[in-house]
Amino acid sequence: MSEKNIKQTVEEKAAALLDPIVAGEGLELVDLEFVREREGWVLRLFIDKPGGR
């Protein structure tokens, strides 16, 4: 499996798992990314709250 496919698979599975959890807290999972950085792989979540506060 290529790095691109692994990245996409992890992002899809993480979104499916995290979206209901985040929504249950009254928040919104806006985006997420799984990226390779110098220290290793990082899963970064972008979460927002209605009204922004």
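**A guided look at a predicted model**

Guide: Welcome! At 13% relative accessibility, Phe34 counts as buried (under 20% relative accessible area with a 1.4 Å probe and protein chains only; exposed is over 50%, partly exposed in between). This is a predicted model, where local features need pLDDT of at least 70 and side-chain atom pairs count only at pLDDT 80 or more, while totals for chains, interfaces and linings use all residues. Residues are numbered from 1 along each chain as its sequence is written, and side-chain values use heavy atoms, leaving out hydrogens and water.

Visitor: How are the rings of Phe34 and Trp41 arranged?

Guide: The structure holds one aromatic pair. Rings of Phe, Tyr and Trp (its six-membered ring) pair if their centres lie within 6.5 Å, and planes under 30 degrees apart count as stacked, over 60 as edge-to-face and the rest as tilted. Here the centres of Phe34 and Trp41 are 4.6 Å apart and the planes are at 15°, so the pair is stacked.

Visitor: Leaving aside neighbours within four places in sequence, which residues is Val22 in contact with?

Guide: Contact means heavy atoms within 4.5 Å. With those sequence neighbours set aside, the partners of Val22 are Leu27, Glu28, Leu29 and Ile47.

Visitor: What is the average pLDDT of the protein?

Guide: pLDDT is the predictor's confidence in each residue, from 0 to 100. In this protein, 98% of the residues score at least 70, and the average is 93.
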